[in-house]
Structure formats: C-alpha cells, structure tokens
Amino acid sequence: MGLLERCHAYKDKVAQGHSADHGLFAYPVLQAADILIVRADRVPVGQDQRQHVEVTRDIAQYFNTCYGDVLKLPEPYIPEHVAVVPGRDGRKMSKSYNNTIELFAPDDEVRRQIFSIVTDSATVAETKDPETSIIYSILKLFCSAEERRDWADRFRSGGMDIGR
C-alpha cells in the first residue's frame, strides 16, 4: 500500500480534491499487469510515466522473490526528444483527460480524434514554430531524426502541403 500511496498521480489527484477511491489507488497495479503480461523488455513512456514502470518493476521483483524468476523486469524507454506524450488538447495524453487518439478505434473515430487536435489560428500559408505545435509534438513520436528535421523545416517555411 505504501508503494501505491507514493505514486505521483495518486498524490496529485488527492491534492486536487479527488476522492481516493479504489480505481485511482489501484490504477498503477492494473497498468503493471498490462506491461507484465506482454513480457516487455522496454516500455515506451513519457518522462511523466517513468514512475509507473518503476512500480511495475517493484511488483515484478516482489513476485519473483516469492515465486522465482517468472516476470521480466521492464525498463522505461524515454526517447530524448519526447519528455511528455502530448494529447489532442496540448496537455499530456491521458484517458482521464479524454484527449487520446485510440489507434484501434474504427477509422472514422480515429479521423474525428485527429481532426480535433488543437491548433493555432494561423493560416496554412503562414510560418509556424514547430516547437509550439501540438501536431509537431505528436509527429516527433513517430519520425526519425531526419523526418523531424524535414517536418520542422516545413513548419517554419509556411505554405504547409501535408500531402507532399
């Protein structure tokens, strides 16, 4: 219980006045189960989720101490260029904020979620700062370094033609 009480997300929600119900308290255990069941070596997360992987490792180590080496001890994988995975509204991506892009949803739902990404009021022809763009922040998650540079240049030059 002490391990779960020390989780940042739990402490933050309680500090914001949310009730400390079982769902909030036990969420890190459910997340650990999701990670451990696939026997992951590395788990891609944002910096803000590092603690969840650490909790997962703690649970796996305790289990392995009791029952032998059964569970893998996953490592967090946090790409340098991605500290926080952005949601559609610019805050960190979270089901709690309802700002996710559900990759396994029907195509029309994924399209609706993508088209709801918050953008600035600049026209397509205007130049944009990629470092302040939610769209660029999401693109960085999936692109190579060369593709990131290309996209950043396209944002800065204006006249974005997404299909090129």
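Residues are numbered from 1 along each chain as its sequence is written. In this predicted model, local features need pLDDT of at least 70, side-chain atom pairs count only at pLDDT 80 or more, and totals for chains, interfaces and linings use all residues, while side-chain values use heavy atoms, without hydrogens and water.

The largest pocket has a volume of about 1,800 Å³. A pocket is an open set of points on a 1 Å grid over the protein atoms alone, where a 1.4 Å probe fits, with protein on both sides within 12 Å along at least five of seven lines; lining residues have an atom within 4 Å of a point. The volume is the space filled by probe spheres set on the points, which are joined across faces, edges and corners. Its lining counts 47 residues, and Gln31, Gln49, Met93, Ser94 and Thr100 lie nearest the centre. Helix 3 gives the largest share, eight residues. Helices here are DSSP runs (H or I, at least four residues), numbered from the N terminus.

| Lining class (largest pocket) | Count |
|---|---|
| Nonpolar | 29 residues |
| Polar | 11 residues |

Nonpolar means Ala, Val, Leu, Ile, Met, Phe, Trp, Tyr, Cys and Pro; charged means Asp, Glu, Lys and Arg; the others, Gly among them, are polar.

**Helix 4.** Asn64 sits in helix 4 (residues 50-67). Asn64 counts as buried because its relative accessibility is 10%; the cut-off is under 20% relative accessible area (1.4 Å probe, protein chains only). Beyond four places in sequence, Asn64 touches Asp69, Val70, Leu71 and Leu73. Contact means heavy atoms within 4.5 Å.

How values were computed: Helices (H or I, at least four residues) and strands (E, at least two) are DSSP runs, numbered from the N terminus. Buried means under 20% relative accessible area, exposed over 50%, partly exposed in between (1.4 Å probe, protein chains only).
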